[in-house]
Amino acid sequence: MTKPPSIKVQKPAAETDSAINKEEIKGVYPIPKLGQENAAGRPLGHSKNTIKPAKPEEQAAEYIKGIHSKSWNGEIAYSRFYSMPRESYKHLRNIDINRTLALVRGAGNNTHAGRKRTLSSNILLQMTNVYEAGIRVGIAPDRYTYQELIAINTDLMNFDRAYGLIEEMIQRGIKPTIRPYRTLLNGYSALVSEIDNARRLWQSMLAKIGRDEIAADESSDQPAKLDLATYTCIVAAECNVGNLARVTEILEEMSGAGIAADIVLRNTILGGILKHGGLDSGIKEVKFMVDSGYIPNSYTYYLLIQSAVSEERIGVVKRLLIESVKRGVTPSVKMIRKLPLLPAEILDIVTENGVEIDMIRVYNPLIGLAMRENSFNEALGLIARMRAQNIEPNTVTYSHLLDALSKANRLNEAKLIYKEAFGEGRKLVPDTHILGIMIDTCARADDIRGIFWYKMEMERRGLAPTEVIYNIILTALSRRKQMDLGAIMLTMNELMETNPPIRPSTRTLNVVYTAFQTKAEQSGKLTHAELDFLRKWYSKTSSDIDLYVPRDMFTYAFIISAFANAGLLEDALFVYSDMLKHAENDSSVRAHFTRSPKYMAKLILVCAKNQQYTKILDLWRDWRRLGIPGHEGSLRIVLFACDQVGQSTTARDIVFGLLVPPELRAVPGDPDSSIEHSAEKTHMRVIGSNGSLPIDLEDSPFIHDYQPAIVSGSVLALFVGIAIKHGMVEYIMPALNLLRQNKPKTSRPILSLAGGDDEGDSHASKLGVSTRFSSDNAAKILALLQESKHESSKEIINDFLTFIEDNFPEAAPV
C-alpha cells in the first residue's frame, strides 16, 4: 500500500458574498470550524500497522514464500499476484508461475468456505493474465505451464485453444508429454459432436509416439507409450457414439501391447452398451465381465440400476439390488438415491440378502434422504430400526439429523438430539463437524449464548475451532440487531492468536465491515479501539501472508462507508485509492461502490465537513468516469466547492452539462449539427433572454451526462448566486430555459429535495419539466437577483418572473 499525501485543511476563498446562500448549505451539510479534529487518532495512511511499500524484489520474495505455503488458495494467489508492482514479476521463477496457475485453476484446492472452486471463464482469464505477465518479463513457459493452460481450456470446452497450446508448446521447442494429449482426448470423449476430433487426435498421437515426439509422463527423456488411462479415453469416445466394433478392435490392440483392461474400462464399455443397446444388452455384458474374471463393483450396479429405472423396470431394479448385495457390494449413496423403493423395502432386501454388508452405510444415506425431505419422524423410525437390529448410530448418522434440523431452524430438537447422542455418559464423541453444525444452528436462531456454549464445548474436548466455525460466529454477531462490536473484535483477534492464524473468508470480513459501517452510521463515530481494530485488520488482510483476504466489490464499499460515516477522511480516501488501483486489473471490485451514489456521496460529504473543496472536485470528476448515478445533494456540495476555490466556469459547465439534452450533443464533424466543435471546446446555442446565446462548454472531465432530474430548484438557486457573484448573469436565463425545455427520462414524477410544498404542480408536470420549483426556491432566486448590482439584473428579473408565471404559477413569489 502506498502512503497517500497528507491532507491539509484548505482555507476557503474570500468570504462568499450574500449571493451564496451559505446558511442553506450549512443547514444541510454542517461544516466544522477550521482546525477542528475528529477524535479518531492516527489515520490509516499514517498507521503504525500499515506495511510500508517494500522493494520489488522483497515483494516477490514474500509472494514466493506464500505461493509455496499450504495456506494459499487460488483466490488469494491471483489477488496477491496482481497486487504486486509489475517490477516484481521479473524476480519470479518459472516454478512460481506454474504454482500460481495450478492454484488459480483450483487443482486440489478449495475456497475459504471449503467448497470446490467452480471453473469459469473468469478463472481462465486470470490464468491467461498470469501466463502473459510471465511472458512479458521473460519467464519462459515449460511443459507444466502448458499443461495447466491446456487443462483449464479443456475443462471449459475451449478445445481449439487447448489444441493450439499443444502446437505452441511444440513451436517453442518444448517436447510435450502424453499428459496434455490425454487431457484433450478425455475432453473430446465427453461429447458426441467431438468424435472426429478425438479420432484425429488419436491418430496424431500414434504417429508422434512412433517418431518419439511425445515424452512419458515421468520424464521428458523417456519416450511415451500408450497406457491404460489413455486407451480408456479413446474407448470412452467410441462408446459415446456407439461404435462398439471399434471398441473391440482397441481392446485387441491393448491385448497385443500387453495392457489388460481393468474394471474402470469395462464399466466405461458397459455405459456405452447401456446407452445404445439398452438394459438387456448391459446385463449380458456384465455376465461376460464376470465370466472373464472381472468383479462388478458399486458403479457397475449403479449403471445397471440407472438404466432399469429409466426403462421403468422396477422388478429388475429389485433383482439387481439383491444380486449386488449378495456379491457383498454395499449400495453407494448415488445408487440409494436412484432406487425407486421405500426405505423399508431397501432395508428388507439388504438385510435378507446381504452377507457382508456394513448396514450403517445403508442406514445413513436413507436417514440423510429422509431429512432432506424434512421427514424427521421417518428418520427417527429408521434409527429405532437400527437399534432393534443392534446397530448403533454413529457420528455420520447424527450429522445427517442435526444438519437437516439446522437448515429447518429447529434448534430445540437439535439440542435434544445432541444431548441424547453426545451427553454425559454417552460413548459417541462429537467431532468438529458435529459441533460446527450446532454452532450454525444456534447462529440461525440468534442464540448467542448457545453459540459460545458449543464453542466452549469444542475447546473442552480438545478440538480447535476451524475457519468455517469462526466465520459462522462472526456472521451471527455482525448481523444481530443489538450489535456488540466488542464481541466481534474479541472473536476476530482470536483468529490471529491461533497457530497458525486462521484466515476469515471475504464474505465474513464483509459482514464484519458492515457492522462497523452500521455503527458509524448510527452514532456518527467509532471509538479509538474500534478504529484501531478496523485499521489493523484492513492492513493485516492487505499484506500478511497468513491473514491476507481477497477483496471483492463489497469489501471496499463497506469499509469506505464505515470510515466516511465516522468522519475519517484520510482513512476513507486511502481505501478509495486502493480500490481504484485494484480496479485497474479487476473492474468488478468497484461494482457495488458505483452501483449507488450513496458511497461517493458520503465521501464528498466528509470532504465538505473537512473543507477539502479541491478533493470534492476530484471526486466529482471520478464520479463521471466511474459511471455512478447522479445525486442532487452531492451536486449542491460540488457547486459550493466550485465557488470556494474560485472555479465559477466549472460550476457553469457542470450545470449546463447536466441540462443539455442528448439531441444537442452532436457528433464532431456533423455538418447538420447545432453544436460547433473545436480542439478545445464544444460550442452550443441555447435560447436566452435575447434570442440565441452562445454557451461554450469546456470539454472537461467535470461535465456529466444528461441528468436534468438532479438539477433541482435548490441547485439552480445556488447556481444563480454563483453566476451573480462571479459576473456570469447572462447564463441564468439560458439555464432556466434549458430546464423548461427538458423532458424527464421517465414518467415518474421527480420531487424536489430542497424543501417547500411541490404537490399540485400539475402545470409543470404537463410541460414535462424534469425539476419542480417550490415557492421558497423562486423567492431565493428573486432575492439574489434583486441584490445584484449587475446592469442587466432588472431585465433578468422580468424574464425570471415571466418564466415562473408561465411554467410554475403556483411558485410565483407574492
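In helix α19, the buried residues are Phe376, Ala379, Leu382, Ile383 and Met386. Viewed down the axis of α19, these buried residues fall within an arc of 120°, so they line one face of the helix. Asn377 and Ala388, on the other side of α19, are exposed. Before I go on: this is a predicted model.

What covers that buried face? The cover over the buried residues of α19 includes α17, residues 343-353, and α18, residues 360-372. It also includes α20, residues 395-407, and α21, residues 411-422.

The length of α19 can be checked. The helix runs over residues 376-388, which is 13 residues. At 1.5 Å a residue they should span 18 Å, and the end C-alpha atoms are 19 Å apart, which agrees. Just after α19 comes asparagine 390, with a positive phi of about 60°.

Now the chain as a whole. The protein chain has 39 helices and 3 strands. It has 814 residues, and 51% of them count as buried. Taking contacts with a separation of 6 or more, 69% are between residues 24 or more positions apart.

Back to α18, one of the helices over α19. How many of the 13 residues of α18 are buried? The count is 10 of the 13, so α18 is largely enclosed by the rest of the structure. The buried residues are Ile360, Val362, Tyr363, Asn364, Pro365, Leu366, Ile367, Gly368, Ala370 and Met371. They pack against α16, which is residues 333-338, and against α17, α19 and α20. For the span of α18, 1.5 Å a residue predicts 18 Å, and its end C-alpha atoms are 18 Å apart, in agreement. After α18 comes asparagine 374, again with a positive phi, near 60°.

Next is α10, residues 228-240. From first C-alpha to last, its 13 residues reach 18 Å, close to the 18 Å expected at 1.5 Å a residue. α10 is mostly covered, with 11 of its 13 residues buried. The buried stretch takes in Thr230, Tyr231, Thr232, Cys233, Ile234 and Val235, and then Ala236, Ala237, Glu238, Cys239 and Asn240. Which helices do they pack against? The partners are α8 (178-189), α9 (195-210), α11 (244-256) and α12 (263-277). Just after α10, the residue with a positive phi is glycine 242, at about 80°.

In the loop between α9 and α10 sits aspartate 212. Is aspartate 212 buried or partly exposed? With a relative accessible area of 39%, aspartate 212 is partly exposed. Setting aside residues up to four places away in sequence, aspartate 212 touches Lys175 and Pro223. Glutamine 222 is 10 residues from aspartate 212 along the chain, and their C-alpha atoms are separated by 9.0 Å.

Apart from its neighbours within four places in sequence, asparagine 510 is in contact with Asp552, Phe554, Thr555 and Phe558.

Last, two helix pairs. Two packed helices are described by the angle between their axes and the distance between the axes.

The pair of α2 and α3 covers residues 56-67 and residues 74-83. Their axes come within 11 Å and cross at roughly 175°. An angle over 145 degrees counts as roughly antiparallel, and α2 and α3 are therefore roughly antiparallel to each other. In this pair, Glu62, Tyr63 and Ile67 of α2 meet Ala77, Arg80 and Phe81 of α3.

Then there are α23, residues 448-460, and α24, residues 467-478. Their axes are 11 Å apart, and the packing angle is about 160°. How do α23 and α24 run, roughly parallel or roughly antiparallel? By that angle cut-off they are roughly antiparallel to each other. The crossing of α23 past α24 is left-handed. On the α23 side, the contact is made by Ile448, Ile451, Phe452, Lys455 and Met458. On the α24 side are Ile469, Tyr470, Ile473, Ala476 and Leu477.

That is the end of the talk.

Note on methods:
Residues are numbered from 1 along each chain as its sequence is written. This is a predicted model: local features need pLDDT of at least 70, side-chain atom pairs count only at pLDDT 80 or more; totals for chains, interfaces and linings use all residues. Side-chain values use heavy atoms; hydrogens and water are left out. Helices (H or I, at least four residues) and strands (E, at least two) are DSSP runs, numbered from the N terminus. The expected span of a helix is 1.5 Å times one less than its number of residues. Buried means under 20% relative accessible area, exposed over 50%, partly exposed in between (1.4 Å probe, protein chains only). The arc is that of the directions from the helix axis to the C-beta atoms. Contact means heavy atoms within 4.5 Å. Axes are lines fitted to C-alpha atoms, for helices over the stretch in contact, and angles run from 0 to 180 degrees between N-to-C directions. Angles under 35 degrees count as roughly parallel, over 145 as roughly antiparallel, 65 to 115 as roughly perpendicular and the rest as oblique. A crossing is left-handed if the near helix is turned anticlockwise from the far one by less than a right angle, and right-handed if clockwise.
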